[in-house]
Structures are given as C-alpha cells and as structure tokens.
Amino acid sequence: MTTQATRLLDAQTVLVGWINHSATDCYEHIRTSGEIINLGTDLETSTSFVLVASHPGHSEAVTVTLELAPLLPDGNAGTWITAAAVAIPAAGGKVEATIAGQGLLPNPADAGTAEPPCIRLARALVSPSSPEGMLVALTATQGL
C-alpha cells in the first residue's frame, strides 16, 4: 500500500518526480501522480510545511492537488483530505503553498480509529498529466 517511508520531513520529500539514490531511498526511481508516500512523521505536529511544484513546460496548464490521510492502527490509510491545490501555467514555472500543520484534522469519518497525531500519508494528484521534468515535493523550508 505505501512506499518506503521517508524518515524526516527535513529538506525535501519528493511526491512526484525523479528520486536519486540517497540514504533514505536506496534506489533511483520516478514517483508518479497518486503514489502514496508514508512520510514517517505526523504533519499536524509541525508549525508549517511547504508544497513545492514545478515543471519546465507542457501543452496545457497543470493542477497539483495535495491530499493527506491518517495512518490507521491497522496500517491502512484513513480518509483523504485536500490540504492544498496549486496551478502551474503551460509555460512552466514553480509555485509554493504553505500549509499550517497544526490546522490539519483527520476527516470525521475516521473519528473512531484515527487518534491524532496521525496524518502521515501523502499523495499528489497531477492533472491532466505529469509533464516531463515535473517535480512535486514537501519541504519544511521554503525556497528549495
């Protein structure tokens, strides 16, 4: 259900795009739109974090929606909530959206099973499609 956990949301956690070999990812690969990432840290305990999305150009504008979900005690994902949505014009570029971690709440549908802090699953949905060179990431620091 989930990919390898990222230990800390420190420099940059890639949700869509190229992953180089590193200490937290032992193989090079490409993460795609909709892939579920276990961040390994509870986002609602952070003051804030940043969604960073960029691409060099595409045939049309691209929309990125960041969805987050609690990790339930049984290991499954809870109900997904939309934390941010950004648009990048067809010409390309980079956009950032700051998200207040302490403002995140699990969906009421998970009230009986999700005990905060628990929001540690993330996925980025790119539409209409991911252009070549697309990068969507979460970071604790702006400007990466």
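**Exercise 1.** How many bridges join strand E5 (residues 62-70) to strand E8 (residues 119-127), and in which sense do the two strands run?

*Solution.* The model is predicted, so local features need pLDDT of at least 70 and side-chain atom pairs count only at pLDDT 80 or more, whereas totals for chains, interfaces and linings use all residues. Residues are numbered from 1 along each chain as its sequence is written, and side-chain values use heavy atoms, with hydrogens and water left out.

Strands are DSSP runs of E with at least two residues, numbered from the N terminus, and two of them pair if DSSP finds at least two bridges between them. E5 and E8 run antiparallel and are joined by eight bridges; threonine 63, for instance, has serine 127 in E8 as its bridge partner.

**Exercise 2.** Describe the surroundings of strand E9 (residues 135-139).

*Solution.* First, E9 pairs in the antiparallel sense with strand E1 (residues 13-19) over three bridges, and with strand E4 (residues 48-55), also antiparallel, over five bridges. Valine 16 has valine 136 as its bridge partner in E9, while valine 52 stands opposite alanine 137. Next, four of the five residues of E9 are buried, meaning under 20% relative accessible area with a 1.4 Å probe, protein chains only. Finally, leucine 51 is in contact (heavy atoms within 4.5 Å) with residues including Val136, Ala137 and Leu138.

Notes. Buried < 20%, exposed > 50% of the residue type's maximum accessible area, 1.4 Å probe, protein only. Lists of a residue's contacts leave out its neighbours within four places in sequence.
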